[in-house]
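Biologist: I would like to go through this model with you. I will ask what lies behind each label.

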Amino acid sequence: MMIEFSNGKIIATAHEIVVKVKGTNMITLQAQSDAVRLIGRGANVIAVHSSEAQWSIKLDDDKQLNELASQLGIAIQ
C-alpha cells in the first residue's frame, strides 16, 4: 500500500514501512512493523524506536494514520 502525504510517500506492508521524503536529499526511512508506534490524538505521528534506529515523522491528518494502522495491523495510541 502507498500513502501520499505532503512531505513524501509511505510504502507499507504487513511487515515493514518505508518513508520516502521529498527533496533533493532523497531521504528514505525504513523500519520493521514491530518497531513502529502510531500516535494519534491530533499528533498523527509515526514513531520508530528499535536498537538499530530511532525516528519519527508527522503525517498530514488522521485519515493517513488510520490507513497505515489498517495496513500494518497495529493500534493507534
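**Labels and the values behind them**

Modeller: Start with a pair of side chains: Asp-60 and Ser-6 are joined by a polar contact of 2.7 Å. Keep in mind that this is a predicted model.

Biologist: What makes the link between Asp-60 and Ser-6 a polar contact?

Modeller: The cut-off is 3.5 Å between N or O atoms. The side chains of Asp-60 and Ser-6 come to 2.7 Å, so the pair counts.

Biologist: Where is Asp-60?

Modeller: Asp-60 sits in the loop between strand 7 and helix 1. Leaving out residues up to four places away in sequence, Asp-60 touches Phe-5, Ser-6 and Asn-44.

Biologist: Why does Asp-60 count as partly exposed?

Modeller: Its relative accessibility is 40%. Buried needs under 20%, and exposed needs over 50%. Asp-60 falls in between, so it is partly exposed.

Biologist: What caps the N-terminal end of helix 1?

Modeller: Asp-61 does. A side-chain oxygen of Asp-61 lies 3.1 Å from the backbone nitrogen of Lys-63.

Biologist: Why is the pairing of Lys-63 and Glu-67 called a salt bridge?

Modeller: The limit is 4 Å from a side-chain nitrogen of Lys or Arg to a carboxyl oxygen of Asp or Glu. Here the N to O distance is 3.7 Å, so the pair qualifies. Side chains of opposite charge can pair when their charged atoms come close. The structure holds 1 salt bridge.

Biologist: How do you know whether Lys-63 and Glu-67 are exposed or partly exposed?

Modeller: Lys-63 has a relative accessible area of 55%, over the 50% mark, so Lys-63 is exposed. Glu-67 has 27%, between 20% and 50%, so Glu-67 is partly exposed.

Biologist: Which residues of helix 1 are buried?

Modeller: Gln-64, Leu-65, Leu-68, Ala-69 and Leu-72 are. They cover an arc of only 135 degrees around the axis, so they lie on the same side of helix 1. On the other side, Lys-63 and Ser-70 are exposed.

Biologist: What covers the buried residues of helix 1?

Modeller: The cover includes strand 1, strand 2, strand 3, strand 5 and strand 6.

Biologist: Which residues touch the most other members of the largest nonpolar core?

Modeller: Among them are Ile-17, Trp-55 and Leu-68, in a core of 20 residues. Helix 1 gives the most to this core, with 4 residues.

Conventions
Residues are numbered from 1 along each chain as its sequence is written. This is a predicted model: local features need pLDDT of at least 70, side-chain atom pairs count only at pLDDT 80 or more; totals for chains, interfaces and linings use all residues. Side-chain values use heavy atoms; hydrogens and water are left out. A nonpolar core is a set of buried Ala, Val, Leu, Ile, Met, Phe, Trp, Tyr and Cys residues joined through side-chain atoms within 4.5 Å. Buried means under 20% relative accessible area, exposed over 50%, partly exposed in between (1.4 Å probe, protein chains only). Helices (H or I, at least four residues) and strands (E, at least two) are DSSP runs, numbered from the N terminus. The arc is that of the directions from the helix axis to the C-beta atoms. Contact means heavy atoms within 4.5 Å. A polar contact is a pair of N or O atoms within 3.5 Å; within protein, one must be able to donate a hydrogen and the other to accept it, and residues adjacent in sequence count only if both atoms are side-chain atoms.
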